[in-house]
Amino acid sequence: MRPDTHSVHQMEVHYEELSHRVSPGTSCTNLGSSLDLDSMADLEEEHIQGSLRFSLFYDQLQSRLVVTVLDAQDLAVRDFSHSVDPFVWVRLMWAAREDAEQCPLHSVLDEWQTRLVKKSSCPVFGDQFSCSLAEEEVSRVTVRFEVRDFDKYSRHGILGEARVPLNSLKMSYPLELRQDLQVPKKDMVGEALLSLKYLPTSQRLEVGVLKIRTVCHSNKTERALYARISIICNQCKLRHQRTTQKMCWEVTVFNEVLTFLLPDQHIRECSIIVSVFELQPSKKSSKRLIGNIHLKKDKTSENPHWELMMQSLRQPIAEWHFIFI
């Protein structure tokens, strides 16, 4: 279902109202896609090096966009092994409005993963991907390439990203480009109304998933949503729960509260990761991460929502949070 002008305007209003209250801790990393949380938080300009070569082609006769990941050069290597096992995650980010600066909401039209090339800082991929895309939609798409370092323990590092807005490119013939890798940026893909309540006597943390608002492209088939709540302490996942599955609307109502037993020493320094997934009920293995919300409490920073919860013990406190990917 394509969002109408009114619904997109509502999200713009929420963006303006909430933007001044969103702390860096609210942003999140792609935990659901096995991206190491700390790899994004600690990534700095000097750790990014190398470049990525790719080609883009829009076939007007078949209304198809073709993306080819060719190779990378001079990727950063791990300090301990002096090697790297790279692969590339490709996403097509569709802007909810033509003017993405005024309404920075996106939907992931499609996503792919290249093959893994082991022990190479100059890997050759040669993987090609394509999808149907109407010509009038091309100008609203940005191709996002994330170069990642595979880890067998599913804590993939990230080596940098390249982005290409298609609105200024002529792709009637295959267009080959090489870009230097940059520090990754997150894209806002929706927002969620969450409630938090802590009961110190019984040492219970209650996380309420009330509503989730997302932007959906018109070519999307019927889909369902659910949210997974993970409690992280000292970079270790203590426990997690998930909501029930709900059919997706522009605003999907859950009104579910998930309860976690959390000793006092953990509540003082832990994080809550809310991961939102979509799936197609008619297909098996169709689960796809939409995005994450990261609520963090540690020695150096405290999310405003978390602070309100600790100031209002035993009372549920609800706040809207942006969903990022």
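Asp 74 is partly exposed, with a relative accessible area of 48%. In this predicted model, Asp 74 lies in the loop that joins strand S2 (64-73) to strand S3 (86-95). Its backbone deserves a look. Asp 74 is not a glycine, yet its phi is positive, at about 55 degrees. Most residues other than glycine have a negative phi.

Asn 255 also has a positive phi, near 50 degrees, and is a residue other than glycine. Asn 255 belongs to strand S14, which covers residues 251-261. Its relative accessibility is 54%, so Asn 255 counts as exposed, because exposed means over 50%.

Now turn to the cysteines. The structure holds 0 disulfides. Cys 233 is in no disulfide, and the nearest cysteine sulfur, in Cys 270, is 6.0 Å away. A disulfide needs the two sulfur atoms within 2.5 Å. Cys 233 is buried, at 7% relative accessible area. Cys 131 is buried too, with a value of 8%.

Aromatic rings come next. The whole structure contains 4 aromatic pairs. One of them joins Phe 322 and Phe 324. Their ring centres are 6.2 Å apart and their planes meet at 85 degrees, so this pair is edge-to-face. Both Phe 322 and Phe 324 are buried.

Charged side chains also meet rings. Arg 242 lies over the face of Tyr 226, at 3.7 Å from the ring centre. Lys 287 places its charged end over the ring of Phe 277, and the distance to that ring's centre is 5.0 Å.

How values were computed:
Residues numbered from 1 in each chain as written. Predicted model: local features only at pLDDT ≥ 70, side-chain atom pairs only at ≥ 80, totals over all residues. Heavy atoms only, no water. Buried < 20%, exposed > 50% of the residue type's maximum accessible area, 1.4 Å probe, protein only. Phe/Tyr/Trp six-rings, centres within 6.5 Å; stacked < 30°, edge-to-face > 60°. Lys NZ or Arg CZ within 6 Å of the ring centre and 35° of its normal. Helix = DSSP H or I, 4+ residues; strand = E, 2+ residues; numbered from the N terminus.
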